[in-house]
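This briefing concerns a structure of two chains and is meant to be read with the model in view. Please look first at the place where the chains meet, and then at the individual residues named in each group.

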2 protein chains.
Amino acid sequence: MIPYQIIEKKSQGLPLTDSEINEFIMTYTKGTIPDYQMSALLMAIFIKGMTTEETLSLTKVMLESGERMDFSSAPGFVADKHSTGGVGDKVSILLAPILAVLGIHIPMISGRGLGHSGGTLDKLESIPGFNVNLELNDWQQMVIKEHVGLIGQTGNICPADKKIYALRDVTATVRSIPLISASIMSKKIAEGIQGLVLDVKTGNGAFMQTPDDSRALANSLVSIGKGYGIKTTALITDMNQPLGSAIGNWFEMEESVRGLQGDGPADLMDVTYALGAEILKMSNPDLSQKAAIDLQAKTVADGSAFEKLKRITELQGGDPGVLDNLSNYPKAKYSGAIQAHESGYLAQVDTMALGFAGIQLGAGRRKITDTIDYSSGMYIHSRIGDNLNRGDDILTVYSNDEKSLNEVLALGEEFFSIEQSPSEIPPLILERIE
Amino acid sequence: MIPYQIIEKKSQGLPLTDSEINEFIMTYTKGTIPDYQMSALLMAIFIKGMTTEETLSLTKVMLESGERMDFSSAPGFVADKHSTGGVGDKVSILLAPILAVLGIHIPMISGRGLGHSGGTLDKLESIPGFNVNLELNDWQQMVIKEHVGLIGQTGNICPADKKIYALRDVTATVRSIPLISASIMSKKIAEGIQGLVLDVKTGNGAFMQTPDDSRALANSLVSIGKGYGIKTTALITDMNQPLGSAIGNWFEMEESVRGLQGDGPADLMDVTYALGAEILKMSNPDLSQKAAIDLQAKTVADGSAFEKLKRITELQGGDPGVLDNLSNYPKAKYSGAIQAHESGYLAQVDTMALGFAGIQLGAGRRKITDTIDYSSGMYIHSRIGDNLNRGDDILTVYSNDEKSLNEVLALGEEFFSIEQSPSEIPPLILERIE
């Protein structure tokens, strides 16, 4: 195999064979093909696309590059939820303990912030001591015993994907249906799950910005899952504004806790329960949608889901007391607000710009080696359709870096558009794909 | 400037501004942008293209990244020839001494093998001791005194192009009109020449495979040259089969010597003289085409051009005795032949596949760090239109690696197609662009 010829073939838009994909990816993973050849191939795939067969081959080689978990000894349904990523999306932090309480086993392998979007691992690590790098064996035991464990991708799970994912993040090749599909699904299949619900975001804060693109991605993901014998459904949910109010790692952790304490924003809870219902119904096909939602709401009302989150925190080395005493968490040194520049209805939110503003405040990484300031972040106080008076606070921002804070504040009204007549409110859940 | 955003912009097919191109290329040249980001941008440019303005910006930043030569003190016309590259194209090795003998100053900066195509520098280096890395000052003195000097691109000439060219070679981003144009023309403009003839190859062994693409490239090159005040013409010449018979570094060196000794293949000599005539006529507009060709043929007939090649070799550290005793050169350990699988007329040659086969034999590089085996290569014994009997040798291949040799031999008839009626013989020189 000459890597050059494979890159060239794809750059011409021709489909690669299973063995070409297999050999290129395995050779890259071993370190024999350099990053610069992989990034050329990634860009060619990004622009020219891949057929369903190619995407399946890519998923397979990524999956087979590492270990596959086996939870066949777990006494019950093993499932996971995955989001394609957005701004303020903290659903995993609520849903994992809720479903664990309800008897589902959740071997959840999450990611870090990518581009403008946050990552569950970074949010969990805002709890002092929380360790997302458990030994695979310890984590498997935890999933079997506690029904849940929250870790990041280790070197043993889909190492091919891990290496490629890092490269995509810095070469503008993230937003590609085949690349996203293979990356997500290889990791999920490696978890050894029986059920999977996908939250495919759509809108100006998602990687797929139109319903058509999001639908195409959802179909790609669902068909791969089914091909591997996993019950898979997808919900296409709105990302034309942040989910909930909090953006930034500790901010989102705090909002998740409040959600589990019965005080969460309606949109966040609705999406959480809708995704959870998919898994509960896979586990028990006789369950009605209403019953599946009620079961989850009960784990919030009786405090069991919050207790589970604290238990997870404790078992993974974190301090659960932090979750009981939210107001004691270190505050950012600087804060400021962006106000409505005129009266009217909030018509649009530049959600991606808010995501990048969060990175600028310190809540994310510009390059792999950056460290995160967990106390940086923001609250959005208004939702699309809200009636605003001139001067109302729309966004409050927090940072330990005064210069960055002022730069974000200076952008001010660029994040929002206000109109004189009420605009259409985007539906929260657009579509269900199965 | 965030490199990510520039890569993303180009991947969407949007034109980059002069300052975006300038900053990205300069930052890459300094080493701050890594290869993997540059190769992603190169692939995006390769697939999405560049406007005339973008190509000019790219040429300018490459040119201005390094030194520009000044031959205004040279007593005569200063010119160069450049080929877009093909298989078996050794014209530079013949033409440089021929034109030098005829009083033209040839400050020739050549390249190495690129993709499936060979490079003049690699061929020259098959002569033991031949040094293509002269100090710029020494080379300039040699061009003024001897009328010719053959070097590679030094760190001081278009360093931006040098770095990018190496990366394109291994990322399948060679065959791009804007990238080829900027790369060629920045180096040629930096040579400080007054005249330039371009040999734009067309056919299945060229980077541009159709006459339309080749014409587009020729027009792009000629317009950049004229924009910088250089007399520039282009010939579009055939690359649907190798030029001459020899492919591989020493093999081509040897054939060049035979050409200068009056024993060269007709196609090779015709293309050489046609290109040389362009430069001679730029230098002396009163010269007829016939006179321009006769002048060159005379330098071959009287041995002066061969003497010049030996003089160049000697001055550049090589052993001219090697050129006098061709048969003493080390032979490859293994050889074999591919025969006609049926009787008929040779209809097609997969010229690019032959180029890649040469690499496989050891005559070229798969990655930057590979070393070249100068004794590896091949001879093609038939030309399109030739009448073959079943079992006739069409190709003889040589390598020091038995496994590679057998792999190439196994491809056998895939390189050639034979038909029962004589097929059209492609014209050697298709078009002249000025």
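How much area do chain B and chain A bury between them, and what share of it lies on carbon and sulfur atoms? The two chains bury about 2300 Å², 67% of it on carbon and sulfur atoms; buried area is the accessible area (1.4 Å probe) that two parts lose on being put together, summed over both.

The model is predicted, so local features need pLDDT of at least 70 and side-chain atom pairs count only at pLDDT 80 or more, while totals for chains, interfaces and linings use all residues. Residues are numbered from 1 along each chain as its sequence is written, chains are lettered from A and ligands numbered from 1 in the order in which they are written, and side-chain values use heavy atoms, with hydrogens and water left out.

**The interface**

- Tyr4(B), Tyr36(B) and Phe356(B) supply 25% of the area that chain B buries against chain A, more than any other three residues.
- In chain B, 27 residues are in contact with 25 residues of chain A, where contact means heavy atoms within 4.5 Å.
- The interface has 2 salt bridges, a salt bridge being a side-chain nitrogen of Lys or Arg within 4 Å of a carboxyl oxygen of Asp or Glu.
- Glu8(B) forms a salt bridge with Arg175(A), and their closest N and O atoms are 3.1 Å apart.
- On the side of chain B that touches chain A, helix 1 (3–11), helix 3 (35–48) and helix 8 (159–171) of chain B each give two or more residues. Helices (H or I, at least four residues) and strands (E, at least two) are DSSP runs, numbered from the N terminus.
- Helix 3 of chain B gives the most to this side, with 10 residues.

**How the two copies are related**

- Two copies of a chain are related by a rotation about an axis and a shift along it.

**Buried places in chain B**

- Thr232(B) is in strand 5 (residues 231–238) of chain B.
- Thr232(B) counts as buried because its relative accessibility is 3%; buried means under 20% relative accessible area, exposed over 50%, partly exposed in between (1.4 Å probe, protein chains only).
- A polar atom of the side chain of Thr232(B) lies 2.8 Å from the backbone oxygen of Ile230(B).
- Helix 5 (residues 91–101) of chain B is largely enclosed by the rest of the structure, because 10 of its 11 residues are buried.

**Positive phi angles**

- Most residues other than glycine have a negative phi.
- His147(A), which is not a glycine, has a positive phi of about 75°.
- Cys158(B) is not a glycine either, and has a positive phi of about 45°.
- Cys158(B) is buried, with a relative accessible area of 0%.

Methods:
A polar contact is a pair of N or O atoms within 3.5 Å; within protein, one must be able to donate a hydrogen and the other to accept it, and residues adjacent in sequence count only if both atoms are side-chain atoms.
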